[in-house]
Amino acid sequence: MIPVPLPRITQFEKLAYGLFLHWGLYSQLGVGEWTMFHHSIPSSEYAKLKDSFTAKDFDARTLARFARESGFRYITLTTRHHDGFSLYDTRGLDDYDAPHSPAGRDLIAEFVDACRAEGIVPFFYHTTLDWRWQSQCCSDAKFSEYLDYLNASVEILCTHYGKIGGLWFDGNWSRPGANWQENRLYSMIRRLQPKAMIINNTGLSARGEAGHPELDSVTFEQGLPKPPDREGWPKYLAGEMCETINRHWGTALRDFNHKSVAQLIENLCACRKAGANYLLNVGLSAQGGVPELESAILKTVGQWINLSGDLIYRGKPHIARGPKRDFVLEMDGRLYYFAHDVRRRGNDHVVQDAGGETLRTIYGLDRPIQSVQWLDEPGQLRFAQCENFAAVEFLGYPYGRDLAVRIAELI
Ligand code: GLC
């Protein structure tokens, strides 16, 4: 038996594509978010970055609009990362937060308001690993004091910002055997934000692993999701892959490894093939702007998403499958075939490496097909069906087009 998903989990799966944003004091250094740890910068030294944190380029409304126009349905923002600095008002817990910096604003309040105005669902990333406490957390008493602080912090996020899409924790992997008092944290969230997803990143070494029973999704950090085998699970869990656009989460000015538009489209497809969400990360600039290159790349991916309307969000994995990476989604009772590496037409003077097989066999069809048609071009493709499989002649693109992944409806 496959368990039935709870409504919040069904809703989450339909959000499909999220923008992950890493932003904090570290962004001013432009060398990723782990620099305090990697360079053993003492807390007191590192904390000086607060004095130059102005957030002058953080315009939450522009950011949320950009996300919506690029096809994202949710944003997961780092409200606090491992360096311990909070973008929200910690209301007296400490003064290591944005309102006590030259920014002087509660940036999370701006974020949630802007998301709501643009129809984007706000999610809060919150670290559980805090480097300022870590060195002292060897004793149980200190760790428990830290957990009080963590709980009080999360309580603030659950009470002062209206309804949120979910909380996304990260850092339990830093103390695998420790008692993180997850029951306490999650029951508080359930009480204050009953509809919020609770996610806790299992990190690079434990992708796809289920954890505490209150968690609503498994995570695949930097690794393509496998379709979960939910048979016999006590609860239906969603899946989400988070991935960097280059190789860092926090902005890294000397990282030139940006994924191409085609790669991002393919990765989004790989997630949806497995029924998982794709949470794609951008490191905001020092004072909170969206970098130009990332912005251009994501807008272009958004154009691809737009070509097939709601399909990327509401399409569910179907049992039918094609060769290699090809797959089928079902939406509103209709089937859609996602074809990779489609041939490009044109003569030898201009077309190199024309692409993959024209003739492809689709297995596992559960219904007779009347016609096959590309979504981006009129006309019907030739095919022959025999019981549950069909051979389709996927004629290539006309010269002048290449969508990276091309979709055909099986009517
Ligand atoms: C890792 C890193 C962290 C990053 C996170 C995003 O856990 O420690 O810096 O925020 O991945 O998934």
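Predicted model: local features only at pLDDT ≥ 70, side-chain atom pairs only at ≥ 80, totals over all residues.
## A walk from a loop to the ligand

Q181 sits in the loop that runs between β4 and α8. The phi angle of Q181 is near 55°, a positive value in a residue other than glycine. Is Q181 buried, exposed or partly exposed? With a relative accessible area of 23%, Q181 counts as partly exposed, because buried would require a value under 20%.

Step forward from there and you reach helix α8, which covers residues 182-192. Its buried residues are L185, Y186, M188, I189 and R190. What do they pack against? The buried residues of α8 meet α1, α7 (140-159), β4 and β5 (197-201).

F12 has a relative accessibility of 1%, so it counts as buried. Setting aside neighbours within four places in sequence, the contacts of F12 are Y74, F123, M197, I199, S217, A238, G239, E240 and N277. Take Y74 from that list: 62 residues separate F12 and Y74 along the chain, while their C-alpha atoms are 9.2 Å apart.

Why can β1 be called largely enclosed by the rest of the structure? Six of its six residues are buried, so the strand is largely enclosed. Two strands pair with β1 in this picture. Strand β2 (residues 74-80) runs parallel to β1 and is joined to it by four bridges. Strand β8 (residues 277-283) is also parallel to β1, with six bridges between them; here L21 stands opposite V282.

Which residues come nearest to it? Of the 14 residues around the ligand, these are H22, E33, W34, H81 and D170. H22 places a polar side-chain atom 2.5 Å from an oxygen atom of the ligand. For E33, an N or O atom of the side chain is likewise 2.5 Å from a ligand oxygen atom, and for W34 the corresponding distance is 2.9 Å. On its own the ligand has 310 Å² of accessible area, and the protein covers 95% of it. The shell around the ligand contains seven nonpolar, four polar and three charged residues.

D332 lies between β10 (327-331) and β11 (334-340). Its phi is near 50°, again a positive value in a residue other than glycine. D332 is exposed, because its relative accessible area is 57%, and the cut-off for exposed is over 50%. S371, in the loop between β12 (359-362) and β13 (372-374), is buried, with a relative accessible area of 8%. Not counting residues up to four places away in sequence, S371 touches Q380, F383, E409, L410 and I411.

Conventions
Residues numbered from 1 in each chain as written. Heavy atoms only, no water. Near = heavy atom within 4 Å. Polar contact = N/O pair within 3.5 Å; in protein donor to acceptor, adjacent residues only side chain to side chain. Areas by Shrake-Rupley, 256 points an atom, 1.4 Å probe, with all protein chains shown as cover. Nonpolar A, V, L, I, M, F, W, Y, C, P; charged D, E, K, R; others polar. Buried < 20%, exposed > 50% of the residue type's maximum accessible area, 1.4 Å probe, protein only. Pairing = 2+ DSSP bridges. Contact = heavy atoms within 4.5 Å.
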